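Here is a briefing on one protein structure. Look over the sequence and the model first, then read the points below.

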Amino acid sequence: MAISRFMIKKPVAMIQEESAKGELKRTLSAANLISLGIGCIIGTGIFVMTGQAAAQFAGPAIIISFLLTGICCAFVALCYAELASMLPVSGSAYSYAYASLGEIIAWIMGWLLLLEYGVAASTVAVGWSGYVVSFLKDFHIFIPPEWTAASGMHLINVPGEGWKQLTGELAKTLADKHIVAATLPAVTAIFNLPAALGLAVVTVLLVLGVKESATVNNVIVFIKVTVICLFIAFGLFYINPANWHPFLPVNTGEYGHFGWSGLLRGAGYIFFAYVGFEAVSTAAQEARNPQKDVPVGIIGSLAICTILYILVSLVLTGIVKYTTLDVPDPIAVAVDAIHLPWLAFVVKVGAICGLSSVMLVLMYGQTRIFYTMAHDGLLPKVFSTVHPKFKTPWINTIVVGIISAIVAGMTPIEALGDLVNLGTLTAFTIICFTVMYLRIKEPSLPRPFNVPYPKVTPVLGMLSCAVLISTLYETFITLIPYFILGFAIYFLYSQRHSKLRKTGSGAMLGELLQVKE
């Protein structure tokens with residue numbers, strides 16, 4: 001009895017009824033949702049992680065890593081599409097877990113998703129800041145270095161390269177060139193101001209309204225996809241096949257550093273780049289025809305982005321040797337190598353636009369999950385307050401924006417990419433399980449979209465997620481304090497204010513709510 005009271009489930013009929021009576025404005029078409037997904041997926045993966053994954057883990061074979069991750073995401077996307085067509089409600093994996101696994105599991109999922117989207121948005125903002133600073137520098141506009149990096153970070157001015165974070169590896173590289181790091185100009189960073197300002201602008205857009213945000217996102221998506229296509233089209237003529245050898249470098253003796261283990265580690269590392277199609281499902285309550293449009297948005301955006309990722313990886317590792325790509329701006333390195341200044345300029349603009357749209361979609365997803373959890377009573381009601389004019393959850397959007405901006409401005413977030421990956425993969429595993437559960441428990445529910453091979457696809461999705469999770473085992477340790485905080489909030493506040501719990505009591509509620517209309 002004591003345990004079962006935390007496993008009460010939110011019936012599918014109730015979720016569908018809440019969706020029909022939702023306060024959020026339905027303005028998004030299938031094209032908007034595809035653009036929303038592309039806006040989130042294409043960004044950090046192409047402009048930052050592709051080169052780093054090739055240099056650190058897989059070499060030119062990073063193409064295979066992208067293919068492996070794309071296949072994993074395809075299984076999950078099909079499951080997502082079925083659930084999104086059945087349960088067209090904001091909240092994504094949180095809402096799906098509530099319907100199948102019970103309240104406490106739903107809370108864990110929501111708590112993970114809040115971390116996933118929040119950390120990801122802050123991480124992208126830091127990358128966006130780097131491109132903005134570089135772009136302004138080309139026009140002789142210089143932002144003081146102490147205002148361009150995380151608080152407390154030690155920066156030195158490297159001749160010919162500009163301000164860089166002082167690390168042991170950099171000091172060794174300089175020493176090999178007979179340069180003593182201690183003799184170079186140095187500063188200690190105060191705050192990453194461009195990153196915080198970027199998130200502030202995104203917050204304002206989201207408060208003003210999702211339609212306005214979607215319009216801006218559509219324009220940005222068009223720009224960055226055009227830029228990427230230009231890079232692929234022109235880069236094809238500068239490929240040196242010799243750069244693809246060895247295609248899969250021999251393992252160095254350490255797990256994940258090249259070889260077959262490097263392929264898997266690379267796939268786990270670049271999973272961050274695929275966070276995005278999931279965000280489409282968080283927009284279900286604002287889609288005009290969610291049962292039809294959300295599956296199209298999920299699968300369409302994933303397919304387009306996977307093709308672009310593979311093509312960019314192919315061109316990138318063909319233009320320059322993979323060993324030179326362990327930098328924050330690998331595509332810029334490749335463009336510089338082919339000596340086309342106009343294309344280098346265009347690529348920087350595309351990177352800024354790309355990362356801007358990723359920030360917008362990630363924060364959008366986080367605020368909608370926040371809204372749904374507050375609407376269910378698991379978080380304070382104020383976070384589900386909808387603005388009377390803009391019809392957006394404005395208070396929670398502002399809170400999320402402030403927190404994300406502070407994190408982006410004060411924290412170096414290089415190591416948190418794996419944290420995002422772990423949260424995402426966990427959510428994806430729950431999604432696949434939920435499809436299996438509802439097919440057994442609720443076989444008669446209408447499914448506008450049916451996952452193909454329903455006895456096989458969800459299982460393959462769970463297995464592929466489990467394989468990628470195994471490459472991130474060290475990250476579990478860093479999640480412990482966050483989980484402790486989450487459980488404290490749930491037991492001290494959420495389970496006492498749960499709207500679902502207030503309609504009945506204990507384990508009986510879980511059974512009573514299994515009612516078909």
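Helix α5 (residues 93-100) and helix α6 (residues 103-138) have axes that come within 7 Å and cross at roughly 170°. That makes α5 roughly antiparallel to α6 (angles over 145 degrees count as such). The model is predicted: local features need pLDDT of at least 70, side-chain atom pairs count only at pLDDT 80 or more, and totals for chains, interfaces and linings use all residues. Residues are numbered from 1 along each chain as its sequence is written, and side-chain values use heavy atoms, with hydrogens and water left out.

**Helix pair**
- Axes are lines fitted to C-alpha atoms, for helices over the stretch in contact, and angles run from 0 to 180 degrees between N-to-C directions.
- Helices are DSSP runs (H or I, at least four residues), numbered from the N terminus.
- From α5, the contact (heavy atoms within 4.5 Å) uses Ala93, Tyr94, Ala97 and Tyr98.
- From α6, the contact uses Glu103, Ile105, Ala106, Met109, Gly110 and Leu113.
- The residues of this contact divide into 8 nonpolar, 1 polar and 1 charged.
- Here Ala, Val, Leu, Ile, Met, Phe, Trp, Tyr, Cys and Pro count as nonpolar, Asp, Glu, Lys and Arg as charged, and the others, Gly among them, as polar.

**Nonpolar cores**
- A nonpolar core is a set of buried Ala, Val, Leu, Ile, Met, Phe, Trp, Tyr and Cys residues joined through side-chain atoms within 4.5 Å.
- Buried means under 20% relative accessible area, exposed over 50%, and partly exposed in between (1.4 Å probe, protein chains only).
- The largest core has 141 residues. Tyr80, Phe231, Phe277 and Ile331 have the most contacts inside it.
- Helix α6 gives the largest share of this core, 18 residues.
- Beyond its neighbours within four places in sequence, Phe277 touches residues including Ile41, Cys73, Tyr80 and Phe428.
- A second, separate core of 6 residues includes Ile156, Leu170, Leu174 and Leu184.

**Pro330**
- Pro330 sits in helix α13 (residues 330-337) and is buried, at 0% relative accessibility.
- Pro330 and Thr50 are 280 residues apart in sequence but 7.7 Å apart in space, C-alpha to C-alpha.

**Salt bridge**
- The whole structure holds 1 salt bridge (a side-chain nitrogen of Lys or Arg within 4 Å of a carboxyl oxygen of Asp or Glu).
- Arg439 pairs with Glu82, the closest N and O atoms being 2.9 Å apart.
- Arg439 lies in α16 (residues 417-441) and Glu82 in α4 (residues 62-86), so the pair ties together parts 357 residues apart in sequence.
- Glu82 is buried at 0% relative accessible area, whereas Arg439 is partly exposed at 25%.

Conventions:
Helix = DSSP H or I, 4+ residues; strand = E, 2+ residues; numbered from the N terminus. Parallel < 35°, antiparallel > 145°, perpendicular 65-115°, else oblique.
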